[in-house]
Amino acid sequence: MIIATTIKEVREQVAAWKREGLTVGLVPTMGYLHEGHASLVDASVKACDRTVASVFVNPTQFAPGEDLEAYPRDFERDCRILTEHGCDMVFHPAVSEMYYEDAATFVEIQSEMPKQLCGQTRPTHFKGVTTVVAKLFNICTPDKAFFGEKDAQQLAVIRRMVRDLAFGIEIVGCPIVREEDGLAKSSRNTYLNPEERQAALCLSKAIFAGKAMAEAGEKNADAIVAAMTEIVKAEPMAVIDYISAVDGVTMMPVTEIKGNTLFAMAVYIGKTRLIDNFSVEA
Ligand code: AMP
């Protein structure tokens with residue numbers, strides 16, 4: 001696997017692949033990889049001739065006081081996982097490679113979409129995400145890019161950006177990968193102590209219960225949200241940020257299941273903020 005740290009190296013390698021007529025898949029990550037990330041690499045390797053993964057803890061998507069410094073990092077381990085899964089190149093830039101000190105250009109969706117759900121407590125988060133992903137798209141010029149449904153709002157935001165700015169890139173959403181006991185895999189799970197790890201199961205319990213209600217034909221989104229809220233509230237260590245039902249494309253609140261509906265939650269377990277979700281089609 002090629003390890004690239006500069007934009008120039010990535011551009012030259014991708015250009016060489018394209019001259020050979022090969023297609024390129026991109027998997028953007030912040031590293032500390034787990035099976036969720038690996039599933040995106042697998043999907044890319046299957047769908048594209050060459051796969052590029054990026055490992056970059058993007059400072060602009062963290063607000064002051066969030067976990068930018070504490071975010072787990074282990075690049076050697078990441079490289080082992082990427083190699084095992086057939087990734088062809090990893091792009092691991094320094095912050096100074098990605099951002100000029102006087103960088104003043106940002107990509108921001110100016111609608112209600114990035115203000116919903118996670119945007120309520122993280123108002124600057126998605127501006128950082130769209131800016132870095134747009135830049136990664138310009139650097140790698142992939143044919144397809146792979147994102148996890150675990151970050152459902154991020155996926156919706158990226159799809160909107162790609163549509164609005166006419167990026168010629170197919171966005172592929174990949175299903176949530178979970179631990180055996182149901183907890184959605186996340187690099188942030190490493191913050192949890194054993195007691196918190198047990199308490200964190202209230203998220204997936206609520207997700208599975210809500211999903212079962214929807215699959216049994218419940219159309220009242222508020223009733224499903226109420227049942228999910230009750231399950232999370234039964235866990236004394238859990239503090240709810242939000243549990244909401246929204247339109248799967250616009251992220252705007254809904255009270256009835258109509259078309260694609262997303263049920264999403266963010267819950268604090270101790271200091272760790274965890275997210276989970278499921279989608280239903282009416
Ligand atoms: P991150 O490194 O947390 O920024 O995540 C990088 C990519 O991996 C994003 O597209 C995430 O949605 C995806 N991802 C993270 N966790 C999971 C998971 N448990 N299942 C599927 N995809 C995931």
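Reader: What is meant by a pocket here, and how much space lies in the second largest pocket?
Author: A pocket is an open set of grid points with protein on both sides within 12 Å along at least five of seven lines. In this model, which is predicted, the space that lies in the second largest pocket is about 490 Å³.

Reader: Which residues lie nearest the centre of the second largest pocket?
Author: The lining of this pocket is made up of 23 residues, and they divide into 12 nonpolar, five polar and six charged. Those that lie nearest the centre are Glu149, Ala152, Leu155, Leu262 and Ser279.

Reader: Which element gives the most to the lining of the second largest pocket?
Author: Two or more residues of the lining come from each of H7, helix H9 (201-215), E8 and E9. The element that gives the most, with six residues, is H7.

Reader: What span should the 13 residues of helix H7 have, and how far apart are its end C-alpha atoms?
Author: The expected span is 1.5 Å times one less than the number of residues, so the 13 residues of H7 (residues 152-164) should span 18 Å. This agrees with the model, where the end C-alpha atoms of H7 are apart by 18 Å.

Reader: How many residues of H7 are buried?
Author: Buried residues have under 20% relative accessible area, and in H7 they include Ala152 and Leu155. The buried residues of H7 pack against several elements, among them helix H6 (125-140), strand E5 (144-148) and strand E8 (260-269). H7 is mostly covered, and the number of its 13 residues that are buried is 10.

Reader: What is the volume of the largest cavity?
Author: A search of the whole structure finds one cavity of 30 Å³ or more. The largest cavity is lined by residues that include Lys150, Leu183 and Ile275, and its lining divides into five nonpolar, two polar and one charged. Its volume is about 40 Å³.

Key. Residues are numbered from 1 along each chain as its sequence is written. This is a predicted model: local features need pLDDT of at least 70, side-chain atom pairs count only at pLDDT 80 or more; totals for chains, interfaces and linings use all residues. Side-chain values use heavy atoms; hydrogens and water are left out. On a 1 Å grid over the protein atoms alone, a cavity is a set of points where a 1.4 Å probe fits but cannot get out, and a pocket is an open set with protein on both sides within 12 Å along at least five of seven lines; lining residues have an atom within 4 Å of a point. Grid points are joined across faces, edges and corners, and a volume is the space filled by probe spheres set on the points. Ala, Val, Leu, Ile, Met, Phe, Trp, Tyr, Cys and Pro count as nonpolar, Asp, Glu, Lys and Arg as charged, and the others, Gly among them, as polar. Helices (H or I, at least four residues) and strands (E, at least two) are DSSP runs, numbered from the N terminus. Buried means under 20% relative accessible area, exposed over 50%, partly exposed in between (1.4 Å probe, protein chains only). Contact means heavy atoms within 4.5 Å.
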